[in-house]
Amino acid sequence: MSQTVIDTANHIVAYAAKAARVQVIAAYPITPQTSIVERIAELVESGEFDTEYIRVESEHSAMSTCIGAAAAGVRTFTATAAHGLVLMHEALHWASGSRLPIVMPVVNRTLGPGWNIWADLTDSMSQRDTGWIQFYCADNQEVFDTIIQAYKLCENEQILLPVMICLEAFILSHTYMPVEIPDQKKIDGFLPPYKPKWFLDVDNPLTHGNIVSPKWYMEFRYMIQEAMETAKQLIPEIDKEFGECFGFEHGGLIEKYKCEDADLILLAMGTIGSEAKIAVDNLRKEGLRVGSARIRVFRPFPKEEIRKLAENTQMFAIIDRGISFGMDGFLAEETKASLYNQKDQPLIAGFIAGLGGRDVTFKTVEKIAKKSSEWMRTDRVEKEAVWVDLRE
Amino acid sequence: MVSIKELSQEEYLLKGHIACAGCGLAISLRLLFKALGNKVILVVPACCSSVIPGSYPFTSFAVPVQNMLFEATGATASGVVAALRQRDVKDVTVVGWAGDGGTFDIGIQALSGAAERETDFIYVCYDNEAYGNTGVQRSGATPYGAWTTTTPTGKKERKKNMPFIMAAHRIPYVATACPSYPIDFINKLKKAKEIKGTKFIHLLVPCSTGWRYDTSKTVEMGRLAVQTGIWTLFEIEYSTFKLNPPSDRLIDKAKRKPVKEYLTLQGRFRNLTEGDIEKIQRWVDEDWERYRELASRPCV
């Protein structure tokens, strides 16, 4: 029997790990991820969740432990945030280079200094080149569903890459929402046990991660790129299959809302994408033809879908909860890069909003949309990156 | 306890590896497999052992090996051990096999964490007293006075006491060894295999490239280290300290060779003054006073 629970996204993450029958968990506590590792501990110690739970001494060790466990052939899991993720950086590369299907929720939190525990995407965005697949979620149901989908995706022999499931600090991590948790037997049917093709096996001894000369290194990297391209095909397929099994779909690579006839499309990620939908409804009442495209998967970046969206619209307004210093918001950068060489490009305006956990509500998004539509009317973007609500 | 005649003829470090001539590590790896056979999973961080098996698509290891980040041996081994438990594999020994830099310096945190979590594995630190793989730079294991490329006039500080740091974790088994005493090393590995929990073996491995001695003298260099008492063979088993042969016969200073005999054979100690040598001799004698005391009572 499926059941509806009302709980925080962090607790939902713990239930998803249990539902995925994860075999080894290695984790280190960091605010605001802590209620994930605490709830897992309760599930393990009450006997409800049969897994090896290793409380390691750092995030670098958490990822390294997952690498060892995944290489030894079992389904692995960890979760982190902010500084913990950045400390893992080296091991993130090792995990993807080793082609290990590790799944890791990341509670998106600001990087210091100064110390700030609130929402910001710079932590995971600065890991975008590590070879990890990245999902960004907009509600607690999507968090649960995406964790299950992620194992299905990354254990596919054509993929074999680790996956980050990103959820914003507090806005999701500590907010109670109703979530439907499907029947375990149905989940087991959707996600069968992990059967790796190769692992650390005394009967078939292989040396993993040994020296690779320039003669071979590029080919291994090319295979990662190929897997990323394949993931772009599989993610929507798996999302659809999940929807058929359990009733929820989340948009595949991009969740589009009223984009078909939109002159202006708002591009955002995570919960700002949810706010954008409300803004779209309000603005349409005022006669503005606006749509919203929530980028659910940032790696692999859905270039082709972005191009399709661009074909039938006049303008993109892109909202980033993060900045690549010296350039643009991350999503703005990637979107612009995707459209180069395309005919009839839309106008593009970038907006930096909500850094360090500052609220971005539908009202903020409406303001952004109105500013953008003014520029759309004059066919000129006056400022490429606008810092929203900045004290000047 | 095995004798030399009972050792397996099987080799799991295959021919074709690219270790330096006279490499003490290559000898040590052969001994590791003589002791444990091939039901072993090795976790190897960045070190000479990740280089000498050769490059893809070849390897000279005939056991499964996970190469790993420099600082992560203890953590990675923890993951392998947990996965084997989940897969219900009971007859495989997990061995972390790391150099002194990967143990004393960058890897000490992950090792300490694994030991504190009572991870069931054997950790061998093969110690050639410098970052050998990168061209002989100083590590926390480099002894006082030794030349390295980053201490061109000799290191000014003493070596960490790693086995006692590990003993302070209250793990069930800590031992020192040296490939110049192969039966002692093999027996310690066999004993470690039978004990549950974290086992730490600190192996002094002479390195002709880094220590600057003739490549034919590796075994002799290890013997001199023990005979002079600069390296001591002992075990700390559940807090009980015990000297092993031949170190157990060297408590009396008169039985030990002067450290000078060991130091003057190595180019890395060329800059030592007579005063330095006297100082090192005094430190060694002080260590031995401590061993004498420890041999008669629990040490942790």
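Helices (H or I, at least four residues) and strands (E, at least two) are DSSP runs numbered from the N terminus. The model is predicted: local features need pLDDT of at least 70 and side-chain atom pairs count only at pLDDT 80 or more, whereas totals for chains, interfaces and linings use all residues. Residues are numbered from 1 along each chain as its sequence is written, and chains are lettered from A and ligands numbered from 1 in the order in which they are written.

Of the 14 residues of helix 3 of chain B, 13 are buried, so this helix is largely enclosed by the rest of the structure. A residue is buried if 20 or more other C-beta atoms, placed from the backbone, lie within 10 Å of its own, exposed if 12 or fewer do, and partly exposed in between. Just after the helix, Asp88(B) adopts a positive phi of about 60°.

The contact between the chains involves 36 residues of chain A and 38 residues of chain B, two residues being in contact if their C-beta atoms, placed from the backbone, lie within 7 Å. On the side of chain B that touches chain A, elements giving two or more residues include strand 1 (40-44), strand 2 (65-67) and helix 5 (108-116); helix 3 gives the most, with 11 residues. By class, this side has 21 nonpolar, 12 polar and five charged residues; Ala, Val, Leu, Ile, Met, Phe, Trp, Tyr, Cys and Pro count as nonpolar, Asp, Glu, Lys and Arg as charged, and the others, Gly among them, as polar. Strand 2 of chain B also pairs in the parallel sense with strand 10 (residues 207-208) of chain A over two bridges, where pairing requires at least two DSSP bridges. Thr207(A) has Val65(B) as its bridge partner in strand 2 of chain B.

Not counting residues up to four places away in sequence, Val80(B) touches residues of both chains, among them Gly68(A), Leu200(A), Ile41(B) and Val94(B).
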